[in-house]
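Hi,

Here is the structure I promised to pass on. Have a look at it first, then read my notes below.

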Amino acid sequence: MRQDWISFARAAVPRYTSYPTAVQFNDGIGARQVGDWAATVDPHGAISVYVHVPFCEQLCWYCGCHTSVPNGYARVERYVDQLHREIDLWARQVGAHDGVKHLHFGGGSPNALSASDFVAVVNRIEAAFTLRSDAEIAVELDPRSLTPERIAALAISGVTRASLGVQTLSRPVQEAINRVQPREMIEESVESLRKAGIAAINMDLMYGLPHQRVEDVVEAARFAAGMGTDRVAVFGYAHVPWFAKHQRAINAEALPGLGERFHQAEAVGATLSAAGYAAIGLDHFARPGDEMAVAAKAGALHRNFQGYTTDPCDTLIGLGVSSISAFRQGFAQNTKDRRAWEAAIAEGRLPTDRGVTLTDDDRLRGRAIEALMCNLTVDTAAICREKSVAEDALDDAIERARPLEAAGLCEIEGRCITVPEEARALMRTVARCFDAYVPAEDAAPRHARAV
C-alpha cells in the first residue's frame, strides 16, 4: 500500500449497502407508516423478499451478524411459527405487485432450519406473494451443517443459488475464529448441491483474520476457482468488538496489520483475476458469463442490504428479527429483540421499530453512491439529470473529492469521478464524498476501517 494512503485506509467508512446508512435509522418509523408504504408498491413491478434466520449451531468469532446458538430446536421451531405469521401480516399489507423476483435467505445460518421447516417457509412465501417462474432463490449455507436432507429440501423448494461460507482453508486460522471445516467437507457440499440441481454456487472468502497470511488467502482463492465457483465475495474482517461482542474472543494482537491486510486483499484479487474472474465493484468476483458480470459490464449492477446484486426491484420485504425492508419512501427495520418481535406479531402489528424516510437529496446522493460503488465511476451531471435537479447539485461532492484526487484515490474530469483500479479497495472513501451525514472527526467510530 502507498504510504500516503495509510490514513485513508485506517478511517472508519460505511459499506454503503444503503443510503442513508443504518446509522441514520431512528425510532420515528413504525408499523403504521411502513404499512402505508407497503400498500403503495408498484402493481406492475416485481418485489424482493429477504428472510433472516438468526441461528447458528456454533458461533464464529469473526461474525458481526445478528445470530445466536439456539441450544435445541424448540426455539427455532417457535421462530418459524412466528415467521409464518409475519409473512401473512406482510401479505395483508403489501399492495398488488408482479410477484417475487428475488428471494434470499440469510443469517445466521439458514440451514439451521430443519428440511421440512425450510420447505414450509418457502411454500408460505409462495402462497402469500407468488414466486415468479424466473425468480432467483438464493440461500447462504454453512457447510458444517449441510445434511443430505437439507440439500433435498433446497432442491424441492426451487433454490437456484447457494452461497457457501468458506472464509479460509487454513486450520490455524479456522481454529482462531471457531470455524473448523475441512476442505473435503466443502468439496462434498458443492458436489452434492450440484447433483441436486443447484448449479449456481457462490463462495465467501475473508482476509484480515487472526494469524492469516497472504499464502492463506491465495490458497482459498485458488480453491474457489478450482471448484468452478460462479461468484466469489471477498470480505475484509471488521474487528468491531464494541458492536459484535463475541469478537472479544479474538486475540487482537493476532490480527494482520494494515499493510498486510492490503496485501492480502490484492493477492486474492490478483489470484481470481488470473483465473479468469471479472472484478465486480468493491469485493466481488464473477465468471465472465455469470449474470452479475454481465450486469456489471452493462452498467446494470445494483447494491442493497445483501451487497452487490442483479436485483432491480424497488421493494424489498425483510422478514424475521433485525431484517430491513426497502420501499420508495424509505427503509424500515424489524426490531432486533426477539421477544418484542414475537409480541408485535401476536398483536397483529408489523414488527418494525426503526427506519428512515428518504428525502429527495437522499435519493440523489444514494444513486450517485450506488453508481460509484458498482461501476467505479459516476457522472454526477447525468445523475442530476436523471433525478430532475440542477446539474451542479452534487458539486459539493466533487469539491470534497479533490483532496482524494491529489492523493491518487480518484480522477475528476468535469463532473465525473472515477476510481482507478489500484485504488479499488478504497472506493468507499471516495463514495463518502457524497455522504451528507458524515460524522465529525472526533465522533465515536460506527463503521469498520476502509481496508
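A quick definition to start: angles under 35 degrees count as roughly parallel, over 145 as roughly antiparallel, 65 to 115 as roughly perpendicular, and the rest as oblique. This is a predicted model, where local features need pLDDT of at least 70 and side-chain atom pairs 80 or more, while totals for chains, interfaces and linings use all residues. Numbering starts from 1 along each chain as its sequence is written, and side-chain values use heavy atoms, without hydrogens and water.

Now the helices (DSSP runs of H or I, at least four residues, numbered from the N terminus). Helix α3 (residues 74-93) packs against helix α11 (residues 338-346) at about 45 degrees, with the axes 10 Å apart; axes are lines fitted to C-alpha atoms over the stretch in contact, and angles run from 0 to 180 degrees between N-to-C directions. So α3 and α11 are oblique to each other.

Who touches whom? From α3, residues including Arg-75, Tyr-79 and Glu-86 meet Arg-338, Trp-341, Glu-342 and Ile-345 in α11 (contact means heavy atoms within 4.5 Å). By class, that contact of α3 with α11 has five nonpolar, one polar and six charged residues. Here Ala, Val, Leu, Ile, Met, Phe, Trp, Tyr, Cys and Pro count as nonpolar, Asp, Glu, Lys and Arg as charged, and the others, Gly among them, as polar.

One more thing to find: the lining of the second largest pocket. α12 gives the most to this lining, with 10 residues. By class, the lining residues divide into 16 nonpolar, 10 polar and nine charged. A pocket is an open set of points on a 1 Å grid over the protein atoms alone, where a 1.4 Å probe fits, with protein on both sides within 12 Å along at least five of seven lines; lining residues have an atom within 4 Å of a point.

Cheers

Key: Helices (H or I, at least four residues) and strands (E, at least two) are DSSP runs, numbered from the N terminus.
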